[in-house]
Amino acid sequence: MDAKKFGAFIAKCRKDQHMTQSDLAEVLHVTDKAVSRWERGVGFPDINTIEPLADALGVSILELMQSKKIDDTMIHNDVANNSLTDTLEMANKQRQQERKTLLLMFIIILVVSLIVLYIDLSMVIVDGDFISAILFFIFVALPFIGLIGGIVMLIYSFYRKRKGMFYKQTLFIALCLLMLPVIIMIFMFIMAMSGGFPVPI
């Protein structure tokens, strides 16, 4: 699929609907910068945005994917097949990009985790106290990993939103990771108040 042709078609249809980039962005719940990127042929919208985009522009999904108006009432099989191929190709590219980005973020979080674990293991070697090391990991390392992972995922979700891609799932993961330190802190407080076991300071 030609990104420039696709972008030019979006721009033309948007103008035909007497919409600004901001108007279209508001309808699709993306930023006007995302719409601008599509129209300049810099990237494609998220696959989940295709149907709402077609509706907003007053064209069919087939017309949007072919980047041209189709006047014939009878659509030839090869046109439909090409449109389906383009859609699948777009979805495949987005999945590949998503996997690469998630892998990169996983590596970053893993490296940070290994550094924290190394510090934890160093304490075990120095002190020889395995219980303290376990408590350190649960009450210090895990919240730290959750905080770092949550911040990374949060930044990535805002990045996806700015690009006009589906971001709610990434945002949900980010919020769950950020809740991990809060849950552990609440648990620490309850255990400390009940005198269940000593909490490392």
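Reply: A salt bridge here is a side-chain nitrogen of Lys or Arg within 4 Å of a carboxyl oxygen of Asp or Glu. This is a predicted model, in which local features need pLDDT of at least 70 and side-chain atom pairs count only at pLDDT 80 or more, while totals for chains, interfaces and linings use all residues. Residues are numbered from 1 along each chain as its sequence is written, and side-chain values use heavy atoms, with hydrogens and water left out.

The structure holds two salt bridges. In one of them, the side chains of Lys 12 and Asp 16 meet at 3.1 Å, N to O. Because these two residues stand four apart in helix α1 (residues 3-16), about one helical turn separates Lys 12 from Asp 16; helices are DSSP runs of H or I with at least four residues, numbered from the N terminus. An α-helix has 3.6 residues a turn, so residues three or four places apart point the same way. Lys 12 is partly exposed, at 48% relative accessibility, and Asp 16 is likewise partly exposed, with a relative accessible area of 43%; buried means under 20% relative accessible area, exposed over 50%, and partly exposed in between, using a 1.4 Å probe and protein chains only.

The other salt bridge joins the side chains of Arg 14 and Glu 39, at 2.5 Å, N to O. Arg 14 belongs to helix α1 and Glu 39 to helix α3 (residues 32-39), so this pair ties together parts that are 25 residues apart in sequence. Both Arg 14 and Glu 39 are buried.
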